[in-house]
Amino acid sequence: MTSLKALDPLRITSLLILLGFVTACSNGTCKLLDGCSSDGDCESGLFCSSCLQGFSGSRCIRSTTTDQFNLVNNSLPFNKYAYLTTHNSFAIEGEPSHTGIPRVTFYNQEDTVTQQLNNGARALMLDTYDFDGDVWLCHSSGGKCHDVTAFEPAIDTLKEIEAFLSLNPSEIVTLILEDYVQAPNGLTNVFNASGLLKYWFPLSSMPQNGQDWPSVSDMVAKNQRLVVFTSIRSKQYTEGIAYQWNFMVENQYGDGGMKGGECFNRAESAPLNDTSKPLVLVNYFNSVPVKALTCKHNSAELINMLHTCFGAASNRWANFVAVDFYKRSEGGGAFQATDMLNGRLLCGCDDVHVCTSGSTSGACTPP
Ligand SMILES: *[C@@H]1O[C@H](CO)[C@@H](O)[C@H](O)[C@H]1NC(C)=O
Ligand SMILES: *[C@@H]1O[C@H](CO)[C@@H](O)[C@H](O)[C@H]1NC(C)=O
Ligand SMILES: *[C@@H]1O[C@H](CO)[C@@H](O)[C@H](O)[C@H]1NC(C)=O
Ligand SMILES: *[C@@H]1O[C@H](CO)[C@@H](O)[C@H](O)[C@H]1NC(C)=O
């Protein structure tokens, strides 16, 4: 009798689980995409999140990257690995006002910079301005920071990065500065004051004509673990800070970079297929961030764009993948995208985890 069978308690329970009313796991036992009611329900490396556009209710989704150096090795050139990149890393929800005037601007992230680094972000995009007699991180237009758009003095964030590099002696952090600082030696002074100059990767060691970078193991051995790029060309000559687009190609940022099937360079960058620039950066975020939409953008759409940009960049996979609200996803998100890139870069497979198993099952092509 089908009507009775349909009332079978086991079936009802499965139905309720499917509908998200009952969680079958708790206290750290919930796996990827299991229902959850708090972060503590999820296994380590996951957190409990909703994604209105992706699934109903709350589920455990990824919150950390795979350490590709630990999993595979760090003996290849710096430009043979991919790095999760946070866009406007400093524009953090809940950051208190440091000017005494309430902030009126938008937010791109929800974790502190320390949390971003601890979860595996290895490149940070920071907007630097002259403000209040110092260098500040700020959102603005026209190159001028205002009380209502200022986030914090740059030194505070740089000190967090210094603490991370000091605690993690095998890690490399890249800073990509949208730079509006005009004060002479303004950046050099704030980097010096933060204690970060001791980790500085020198301009003279950066390849100029499309050669590979030094190996990660070499950079670690020399303790040259901070790579900094500025958007102001002249600072390469005045302060020895690398002009970003001498070393990197980059696709269009904002809404213009989110049209499926299209990947073209932003105005300041050489065409993506210019292989004399050995680093490739792919941006994938809206011009104005909307947190509720990022879980969808950071998922299949992002992977698709990385494939499109691979073709546009003369069959080169991105080294930097830049997103807003980096943890938001339908499951794997920007972490899975980074695993895909490292898999492709290191062993020609769609997931870096396959690189160590010697397995050629799954989507692998010869490297
Ligand atoms: C939750 O898990 C931890 C670690 O496995 C254990 O020590 C603790 O007793 C558990 N708490 C509950 C309420 O089950
Ligand atoms: C860094 O600061 C120290 C102490 O103030 C100073 O002696 C040194 O010259 C500075 N270095 C640079 C590169 O500005
Ligand atoms: C690079 O891409 C441009 C279009 O952006 C194209 O005109 C040019 O032929 C390409 N060059 C190479 C070497 O593929
Ligand atoms: C590091 O990993 C790469 C990619 O799998 C491999 O080609 C290379 O031989 C490895 N290097 C060492 C020293 O194991």
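**Strands and surroundings**

Guide: Strand β3 (residues 83-86) and strand β4 (residues 123-131) run parallel and are joined by 2 bridges. This is a predicted model, in which local features need pLDDT of at least 70, side-chain atom pairs count only at pLDDT 80 or more, and totals for chains, interfaces and linings use all residues. Residues are numbered from 1 along each chain as its sequence is written, while chains are lettered from A and ligands numbered from 1 in the order in which they are written.

Visitor: What makes β3 and β4 a pair?

Guide: Two strands (DSSP runs of E, at least two residues, numbered from the N terminus) pair if DSSP finds at least two bridges between them. There are 2 bridges here, so β3 and β4 pair. Thr-85 stands opposite Ala-123 in β4.

Visitor: Which residues of β3 are buried on each side?

Guide: Tyr-83 and Thr-85 are buried on one side, Leu-84 and Thr-86 on the other. Buried means that 20 or more other C-beta atoms, placed from the backbone, lie within 10 Å of the residue's own. In a regular strand the side chains alternate between the two faces of the sheet.

Visitor: How does β3 pair with strand β12 (residues 320-323)?

Guide: These two are parallel, over 4 bridges, with Thr-86 opposite Val-323 in β12.

Methods:
Buried ≥ 20, exposed ≤ 12 C-beta atoms within 10 Å, placed from the backbone.
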